[in-house]
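Here is a colleague's note for someone meeting this structure for the first time. Please keep the sequence and the model open while reading the points.

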Amino acid sequence: MTQAEDTPDNVTIPTFCHKCQQEIYISLPKILIDNANSYPVSHAHLHGNPPHVLVIYVDRQYFIRGTELSETVTVERARKTTPLSAMVLLRIPPRFKQTAMAMLKLRQANSTEIAAITGKTQNAESKYLGAMFRLGYLERIRVKRFFQYAIPGKSR
Ligand SMILES: [Zn+2]
């Protein structure tokens, strides 16, 4: 059990991290603990190099009731999108150009509709659209049982 140190809005809680092999100080907004639905409150503190997570369990008096260490951590980031635009068209790989131009015209379409414009096969357009989706130029939306592709965000 560790004594908490008080400040007006935050509480600094000293604890020991077995990965770092040293005492660390975790500063938390008191409101997180004061307004919790149940106790102890679990809080994950990501720190160190290599990064690891110390989960602390804090009671309503800001005392630590337990800790747990995760030695590895993964962070999932939102996929970065670069909405397809005339500017993007200039630096898009050449094999996607026709598909990209057709998408700029329709803004939302499936591979069959794109194929009708480019004159390529639906299968080829399906691959190009999928690749452009993975590159972040398009978003994939589900319309009933089928996927369509769309240019993310507002029209320009
Ligand atoms: Zn640590």
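Predicted model: local features only at pLDDT ≥ 70, side-chain atom pairs only at ≥ 80, totals over all residues.

1. Helix H3, which spans residues 97-106, packs with helix H4, residues 111-118, at an angle of about 110°, and the axes of the two helices are 9 Å apart. Angles from 65 to 115 degrees count as roughly perpendicular, and H3 and H4 are therefore roughly perpendicular to each other. The crossing in which H3 passes H4 is right-handed.

2. The contact between these two helices can be followed residue by residue: on the H3 side it involves Gln98, Thr99, Ala102, Met103, Lys105 and Leu106, and on the H4 side Glu113, Ile114, Ile117 and Thr118. Sorted by class, the contact of H3 with H4 has five nonpolar, three polar and two charged residues.

3. Which residues of H3 are buried? They are Thr99, Ala100, Ala102 and Met103, and because they fall within an arc of 160° when seen down the axis of H3, they line one face of the helix. The elements that cover the buried residues of H3 include helix H2 (86-91), S7, H4, H5 and strand S9 (146-150). After H3 comes Arg107, which has a positive phi, near 70°.

4. In H4 the buried residues are Ser111, Ile114 and Ala115, and they lie on the same side of H4 because the arc that they cover around the axis is only 100°. In an α-helix there are 3.6 residues a turn, so residues three or four places apart point the same way. The buried residues of H4 have H3, strand S7 (108-109) and helix H5 (122-134) as packing partners. Just after H4, Gly119 takes a positive phi of about 80°.

5. The next pair is H4 and H5, whose axes come within 8 Å and cross at roughly 110°, so that these two helices are roughly perpendicular to each other. H4 passes H5 in a crossing that is right-handed. Ser111, Thr112, Ile114, Ala115 and Thr118 of H4 meet Gln122, Glu125, Ser126 and Leu129 of H5, and by class this contact of H4 with H5 has three nonpolar, five polar and one charged residues.

6. Turning to the strands, is Tyr25 buried or exposed? Tyr25 sits in strand S3, residues 22-29, and it counts as exposed because it has 10 C-beta neighbours inside 10 Å, where a residue with 12 or fewer is classed as exposed. Once its neighbours within four places in sequence are left aside, Tyr25 is in contact with Thr12 and Pro14. The C-alpha atoms of Tyr25 and Val11, which are 14 residues apart along the chain, are separated by 9.8 Å.

7. Not counting residues up to four places away in sequence, Ile141 touches Gln148 and Ala150. Between the C-alpha atoms of Ile141 and Phe16, which are 125 residues apart along the chain, the separation is 47 Å.

Technical notes. Residues numbered from 1 in each chain as written. Axes fitted to C-alpha atoms, helices over the stretch in contact; angles between N-to-C directions. Helix = DSSP H or I, 4+ residues; strand = E, 2+ residues; numbered from the N terminus. Parallel < 35°, antiparallel > 145°, perpendicular 65-115°, else oblique. Left-handed = near helix turned anticlockwise from the far one by under 90°. Contact = placed C-beta atoms within 7 Å. Nonpolar A, V, L, I, M, F, W, Y, C, P; charged D, E, K, R; others polar. Buried ≥ 20, exposed ≤ 12 C-beta atoms within 10 Å, placed from the backbone. Arc of directions from axis to C-beta.
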